[in-house]
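Subject: Structure handover

Hello,

Here is the structure I promised to pass on. Please open it beside this email and follow along.

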Amino acid sequence: MPVAPIATRGGAATAGFARCYSTEAPAEKHEFKAETKKLLHIVAHSLYSQREVFVRELISNSSDALEKLRHLQATSQDVSTEAPLEVNISVDKEAKTITFCDSGIGMTADELKDNLGTIARSGSKAYIEKMQDGADTKDMANTIVGQFGVGFYSAFMVGDKITVYTRSATPGSAGYCWESDGLGSYTLSKAEDVPVGTKIVISVKDDAKEFLGEDKLQEVIKKYSNFVGFPISVNGEKVNTVEALWTKDKSSITDEDHENFYQFVSGAWDKPMYNLVYKADGPISIRSILYAPTRSPEAMGFERVKPGVSLYSRKVLIMPNAPGLLPEWLRFIQGVVDSEDLPLNLSRELLQNGPVIMRLKSIITSRIIKWLQEESKRDVEKYDEFYKVFASFIKEGTCQDTANQKEISKLLRFETSGKEAGRLISLDEYVESMPSEQEHIYYFCTPNRKVGVESPYYAPFKQHGTEVLFLHHALDEF
């Protein structure tokens with residue numbers, strides 16, 4: 001068995017995984033089960049739309065292993081490791097390998113067979129059995145919810161051979177080496193001097209050499225795994241430097257924290273006008289942080305922008321600028337929504353349509369509307385400034401979002417003949433000031449206040465002292 005490449009940190013050998021592992025013991029050859037062979041083919045050729053997600057999948061697996069070990073340590077269970085909890089990734093361009101090392105819980109021989117040699121959970125075999133010759137496997141993969149982990153297999157999208165070294169944190173556990181070319185079989189042998197944790201060595205295919213670049217790996221990590229709760233390093237340089245702010249207690253987040261995080265997730269340079277940290281455990285687990293910008297992203301005739309909220313699950317990006325998570329009119333809102341209850345499909349790239357997603361959309365939308373209503377009452381002048389910038393979005397919502405139309409209408413503001421120029425009031429304020437005998441809300445669609453006041457159509461209302469709303473925006477007519 002060839003010696004695995006050494007992981008390095010800033011030129012120095014990474015602790016624990018720096019030693020060469022002896023695999024002199026005879027390797028046992030095992031055949032993948034039939035359904036696993038088919039799954040490997042699907043993963044390598046059609047399941048994922050982007051090959052770069054193998055980085056996300058392997059880091060997620062490492063994070064899970066680290067979290068399990070941390071739990072064991074926290075509950076005072078006996079574990080044979082004191083290594084720092086971290087993920088180290090190293091690139092060797094000469095050897096054409098990418099190595100993922102974690103100091104997590106590791107695996108025993110049986111766990112290697114269960115986790116890497118078979119499809120371990122119910123539902124997977126049924127999915128494979130539904131496949132028929134000539135069927136579009138990618139479309140079929142998108143129709144089921146993944147109830148088991150196939151993330152490890154994604155490494156075969158970029159690698160023609162995968163070698164895994166691991167040792168369980170259970171005291172007295174032996175080290176093992178697992179190796180496969182993904183074509184139908186794998187070998188398993190004991191290995192000496194393997195530290196607790198898991199080391200995955202990917203021998204990179206010729207058509208995937210782009211991933212041997214440090215900059216490329218760092219770009220992918222920052223895109224998908226930037227908020228993973230453990231340090232991630234590439235050749236010794238820490239990559240995930242931004243904290244998952246939505247997981248923190250609201251009272252511990254400073255204005256500076258909000259400003260920096262808003263600029264990070266939005267790519268903008270203005271400051272957020274409003275921020276909302278919203279958490280809920282039922283009926284759906286939600287952890288979110290949302291921002292209303294100071295400037296409109298569609299100002300000065302810019303094209304319609306993508307949705308500003310990205311969807312995460314357990315701090316791992318599932319869908320950037322998630323379409324369908326919020327109604328179209330809320331596309332100006334920036335931020336993150338994280339839920340453990342997302343009904344993900346097998347590749348974790350696309351969401352299954354269903355009641356959970358619709359419920360999540362409904363909950364978040366209602367909370368945003370309530371949040372803006374609260375802000376409008378907390379500081380009237382500040383909200384008026386906000387409204388002048390984002391009035392078109394709110395009016396679009398009033399026209400199109402029929403499910404929330406009544407609550408959105410409470411966010412509307414208008415000029416009125418009863419107040420000085422520039423002063424805005426809500427529909428509720430107008431109704432409250434109406435004489436008892438007045439039954440209707442009177443409004444006048446006019447290019448501006450001056451034209452309305454001077455119009456002969458307004459004269460009878462002025463004569464009788466009846467207050468009239470002046471509607472200046474093109475959407476007001478709808």
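Predicted model: local features only at pLDDT ≥ 70, side-chain atom pairs only at ≥ 80, totals over all residues.

Aromatic pairs

The count comes to 22 aromatic pairs. Take Phe-227 and Trp-246 as one of them. Their ring centres are 4.9 Å apart. Their planes meet at 75°, which is over the 60 degrees needed, so the pair is edge-to-face.

Where do Phe-227 and Trp-246 lie? Phe-227 is in the loop between helix H6 (214-224) and strand S10 (232-234). Trp-246 is in the loop between strand S11 (237-238) and helix H7 (255-266). The pair therefore ties together parts that are 19 residues apart in sequence.

Are these two residues buried or exposed? Phe-227 has 3% relative accessibility, so it counts as buried. Trp-246 is buried too, with a relative accessible area of 0%.

Phe-227 also pairs with Phe-261. Here the ring centres are 5.7 Å apart. The planes are at 50°, so this pair is tilted. Phe-261 sits in helix H7, while Phe-227 is in the loop between H6 and S10. This pair therefore ties together parts that are 34 residues apart in sequence. Both Phe-227 and Phe-261 are buried.

There is also a ring cluster to look at. Ring pairs link Tyr-274, Phe-332, Tyr-383, Phe-386, Tyr-387, Phe-390 and Phe-393.

Cysteines

How many disulfides does the structure hold? The number is 0. Cys-177 is buried, at a relative accessible area of 0%. Cys-399 has 31% relative accessibility, so it counts as partly exposed.

A sheet of 4 strands

An open sheet runs in the order S18-S17-S20-S19. It has 4 strands, and the pairing is mixed. Which strands form the edges? They are strand S18 (424-425) and strand S19 (443-445). Each of these edge strands pairs on one side only.

S19 is joined to strand S20 (residues 469-471) by 3 bridges. These two strands run parallel. Phe-444 stands opposite Phe-470, which is in S20.

Best wishes

Terms used. Residues numbered from 1 in each chain as written. Heavy atoms only, no water. Phe/Tyr/Trp six-rings, centres within 6.5 Å; stacked < 30°, edge-to-face > 60°. Buried < 20%, exposed > 50% of the residue type's maximum accessible area, 1.4 Å probe, protein only. Disulfide = S-S within 2.5 Å. Pairing = 2+ DSSP bridges.
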